Amino acid sequence: MQPYTKNWTQVTEFVMMGFAGIHETHLLFFILFLTMYLFTLVENLAIILVVGLDHRLWRPMYFFLTHLSCLEVWYTSVTVPKMLAVFIGVDGGKNISYAGCLSQLFIFTFLGATECFLLAAMAYDRYVAICMPLHYGALVSWGTCIRLAAACWLVGFLTPILPIYLKSQLTFCGPNVIDHFFCDASPLLALSCSDVTWKETVDFLVSLAVLLASSTVIAVSYGNIVWTLLHIRSVAERWKAFSTCAAHLTVVSLFYGTLFFMYVRTKVTSSINFNKVVSVFYSIVTPMLNPLIYSLRNKEVKGALGRVFSLKFWKAQ
């Protein structure tokens, strides 16, 4: 929190500092992040296209995967274009209005929370498929899938409302430089000359609630899956069952590991640069890796990719 003085005026615009200190290599980082961003878009759009066109993948697991891919496209698009503008010094690229900053933070938090709930829904799908295969059709019907997906998006949308409302009541008297590449909560609160104790507490509790609720569903689902797998005598059958959820478990580990580090804290850590690196990992690297993890570890997706992008498939349409 910045100390308040009567000589300071209300801040209405912020300046993104981005990755200060890498001026000599800023073009290299621009090319790197642009490549990663475009790769993320292509991968996730390919997953959406493949699942939509190949009827063999019209199953609940891939229904949730398309939602996850849609989300990843928007998730990276909220932050990366602005970051790229800062790198190349586009006119006004570093500036963002107070309303624009809060909007970016709202959308980013909304999508992040939604991803947590979607990963939980996918874990439930795997739990029913492995632990109760005879009841799978009844418990995970298309109606159930649609309701689960809608609930994930709705609860995700509701998650940032209170935190963003409280931030909209803050006073910013200067300085107005955000030491980050997007409007994240911690660097924004650090600039306020209001008392941010209550806001930090609300951020912590909301983040903790989202992460604990979703991770509990995931942990319980995988606990039951492991218990079921241990009772399968055939090693081949056991491995076959586990392979259907290995990709999801890998994605969960990557995403939740960084989120717990970043957001389940009551105070801003002193290492801002380290926070930026962690933020890059969950906001850019993970969305790029997710489609690779799902496609490389899943024979059905690899087969569908081969079919959809083959000449014979398009001739048959």
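How much of the chain over residues 96-124 is helix, and how much is strand? I got 93% helix and 7% strand, with the end C-alpha atoms 40 Å apart. Helices (H or I, at least four residues) and strands (E, at least two) are DSSP runs, numbered from the N terminus.

A note on ground rules: this is a predicted model, where local features need pLDDT of at least 70, side-chain atom pairs count only at pLDDT 80 or more, and totals for chains, interfaces and linings use all residues. Residues are numbered from 1 along each chain as its sequence is written, and side-chain values use heavy atoms, with hydrogens and water left out.

Next I checked residues 27-51. I found that span to be 100% helix and 0% strand, its end C-alpha atoms lying 36 Å apart.

Then I went to Thr114, which sits in helix H3 (residues 98-131). I logged Thr114 as buried because its relative accessibility is 0%; buried means under 20% relative accessible area, exposed over 50%, partly exposed in between (1.4 Å probe, protein chains only). Leaving aside residues up to four places away in sequence, I listed Leu71, Cys152, Trp153, Gly156 and Phe157 as touching Thr114 (contact means heavy atoms within 4.5 Å).

Last stop, H2. I counted 24 of the 29 residues of H2 as buried. I saw H2 bend by about 35° at Ser77, with a proline, Pro81, following within four residues; the bend is the angle between axes fitted to the seven residues ending there and the seven starting there. Just after H2, I noted a positive phi of about 70° at Gly89.
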